[in-house]
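Hello,

Please find the structure we discussed below.

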Amino acid sequence: VYCQKFWPDTISVALLPDQETITFQAGGNTGAHVSTRNVFECGQDLPRISYWSGKVNQRNVNGVWMTDLDGTSGANIDKLVYCQKFWPKTIRVSQLPYRETITFQAGGNT
(Lines give C-alpha, C1' and ligand atoms only; values in the text may rest on other atoms or scores of the structure.)
Protein backbone atom coordinates (compact mmCIF):
# COMPACT_ATOMS: atom_id res chain seq x y z
CA VAL A 1 0.00 0.00 0.00
CA TYR A 2 2.84 2.41 0.83
CA CYS A 3 4.47 1.85 -2.56
CA GLN A 4 1.17 2.54 -4.32
CA LYS A 5 1.02 5.95 -2.63
CA PHE A 6 3.91 7.01 -4.90
CA TRP A 7 3.75 4.40 -7.70
CA PRO A 8 0.09 3.43 -8.25
CA ASP A 9 1.03 0.69 -10.75
CA THR A 10 3.00 -1.29 -8.14
CA ILE A 11 2.32 -5.02 -8.49
CA SER A 12 4.93 -6.45 -6.10
CA VAL A 13 7.24 -5.53 -3.24
CA ALA A 14 10.60 -7.29 -2.94
CA LEU A 15 13.18 -7.19 -0.16
CA LEU A 16 16.55 -6.27 -1.64
CA PRO A 17 19.52 -8.39 -0.58
CA ASP A 18 21.63 -5.59 0.93
CA GLN A 19 20.79 -3.15 3.68
CA GLU A 20 21.50 0.55 3.11
CA THR A 21 22.51 3.36 5.44
CA ILE A 22 19.82 6.01 5.25
CA THR A 23 19.25 9.36 6.97
CA PHE A 24 15.73 9.52 8.42
CA GLN A 25 13.95 12.54 9.89
CA ALA A 26 11.49 12.69 12.76
CA GLY A 27 7.88 13.86 12.33
CA GLY A 28 7.77 17.35 10.86
CA ASN A 29 11.00 16.56 8.99
CA THR A 30 13.20 17.54 11.93
CA GLY A 31 16.49 16.10 13.09
CA ALA A 32 18.75 13.67 11.27
CA HIS A 33 18.80 10.04 12.35
CA VAL A 34 21.16 7.70 10.50
CA SER A 35 20.33 4.00 10.47
CA THR A 36 21.19 0.93 8.40
CA ARG A 37 17.90 -0.64 7.32
CA ASN A 38 16.35 -3.21 4.99
CA VAL A 39 15.35 -1.75 1.64
CA PHE A 40 12.38 -2.83 -0.48
CA GLU A 41 11.78 -2.42 -4.18
CA CYS A 42 8.32 -1.34 -5.28
CA GLY A 43 7.91 -3.38 -8.46
CA GLN A 44 5.79 -2.19 -11.28
CA ASP A 45 5.67 -3.98 -14.61
CA LEU A 46 9.44 -4.06 -14.50
CA PRO A 47 11.61 -5.51 -17.21
CA ARG A 48 12.58 -9.02 -16.13
CA ILE A 49 15.10 -11.66 -17.14
CA SER A 50 15.16 -15.39 -16.56
CA TYR A 51 17.97 -17.94 -16.80
CA TRP A 52 17.91 -21.72 -17.19
CA SER A 53 21.26 -23.47 -17.42
CA GLY A 54 21.72 -24.97 -20.89
CA LYS A 55 19.00 -22.78 -22.44
CA VAL A 56 18.97 -19.32 -24.03
CA ASN A 57 18.13 -16.46 -21.62
CA GLN A 58 14.72 -14.81 -21.67
CA ARG A 59 13.68 -11.21 -21.09
CA ASN A 60 10.23 -9.82 -20.39
CA VAL A 61 9.13 -6.51 -21.83
CA ASN A 62 5.61 -5.22 -21.25
CA GLY A 63 4.46 -8.65 -20.07
CA VAL A 64 5.83 -10.64 -23.03
CA TRP A 65 8.68 -13.17 -22.62
CA MET A 66 11.20 -13.13 -25.48
CA THR A 67 14.15 -15.40 -26.25
CA ASP A 68 17.47 -13.59 -26.74
CA LEU A 69 17.88 -13.36 -30.51
CA ASP A 70 21.63 -14.07 -30.34
CA GLY A 71 20.76 -17.70 -29.58
CA THR A 72 23.78 -18.10 -27.28
CA SER A 73 23.35 -15.94 -24.15
CA GLY A 74 23.04 -18.31 -21.23
CA ALA A 75 23.11 -18.60 -17.45
CA ASN A 76 26.88 -18.00 -17.28
CA ILE A 77 26.44 -14.23 -17.91
CA ASP A 78 26.38 -11.88 -14.91
CA LYS A 79 22.75 -10.85 -14.38
CA LEU A 80 23.49 -7.12 -14.07
CA VAL A 81 25.59 -7.16 -17.25
CA TYR A 82 22.83 -9.06 -19.06
CA CYS A 83 20.16 -6.57 -17.95
CA GLN A 84 22.35 -3.68 -19.10
CA LYS A 85 22.45 -5.25 -22.57
CA PHE A 86 18.78 -4.27 -22.97
CA TRP A 87 18.31 -1.64 -20.25
CA PRO A 88 21.64 0.28 -20.00
CA LYS A 89 20.57 2.33 -16.96
CA THR A 90 20.07 -0.78 -14.78
CA ILE A 91 21.99 -0.44 -11.50
CA ARG A 92 20.88 -3.58 -9.62
CA VAL A 93 19.16 -6.89 -10.05
CA SER A 94 16.98 -8.61 -7.45
CA GLN A 95 15.18 -11.92 -7.46
CA LEU A 96 11.40 -11.64 -7.43
CA PRO A 97 9.43 -13.68 -4.89
CA TYR A 98 7.25 -15.50 -7.43
CA ARG A 99 7.68 -17.86 -10.38
CA GLU A 100 6.35 -17.58 -13.92
CA THR A 101 5.83 -20.16 -16.66
CA ILE A 102 8.25 -19.45 -19.51
CA THR A 103 9.08 -21.33 -22.72
CA PHE A 104 12.86 -21.57 -23.14
CA GLN A 105 14.79 -22.39 -26.30
CA ALA A 106 17.98 -24.46 -26.61
CA GLY A 107 21.17 -22.97 -28.09
CA GLY A 108 20.59 -21.55 -31.56
CA ASN A 109 16.99 -20.86 -30.52
CA THR A 110 15.81 -24.33 -31.49
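Predicted model: local features only at pLDDT ≥ 70, side-chain atom pairs only at ≥ 80, totals over all residues.

Residues are numbered from 1 along each chain as its sequence is written, and side-chain values use heavy atoms, with hydrogens and water left out.

Overall fold

The protein chain contains two helices and seven strands, in the order α-β-β-β-β-β-β-β-α along the sequence. Helices (H or I, at least four residues) and strands (E, at least two) are DSSP runs, numbered from the N terminus. The radius of gyration is 18 Å, well over the 13 Å from the globule rule for 110 residues, so the protein chain is more spread out than a compact globule. That radius is taken over C-alpha atoms, and the globule rule is 2.2 Å times the number of residues to the power 0.38. Along the principal axes, the C-alpha atoms fill a box of roughly 60 × 25 × 20 Å.

Of the 110 residues, 27% are buried (under 20% relative accessible area; exposed is over 50% and partly exposed in between, with a 1.4 Å probe and protein chains only). Among contacts (heavy atoms within 4.5 Å) with a separation of 6 or more, 50% join residues 24 or more positions apart.

Aromatic residues

Rings of Phe, Tyr and Trp (its six-membered ring) pair if their centres lie within 6.5 Å; planes under 30 degrees apart count as stacked, over 60 as edge-to-face and the rest as tilted. The count by this rule is five aromatic pairs. One of them is Tyr-2 with Phe-6, edge-to-face at 5.3 Å centre to centre and 65° between the planes. Both residues lie in helix α1 (residues 2-6), four residues apart, or about one turn of the helix. Tyr-2 is exposed at 59% relative accessible area, and Phe-6 is partly exposed at 45%.

Tyr-82 and Phe-86 are also edge-to-face, with ring centres 5.4 Å apart and planes at 75°. They are four residues apart in helix α2 (residues 79-86), again about one helical turn. Here Tyr-82 is buried, at 1% relative accessibility, whereas Phe-86 is partly exposed at 25%. Tyr-82 and Phe-86 belong to one aromatic cluster with Tyr-51 and Trp-87.

Finally, the charged end of Lys-55 sits over the ring of Trp-52, 5.4 Å from its centre (the rule asks for NZ of Lys or CZ of Arg within 6 Å of the ring centre and within 35 degrees of the ring normal).

Regards
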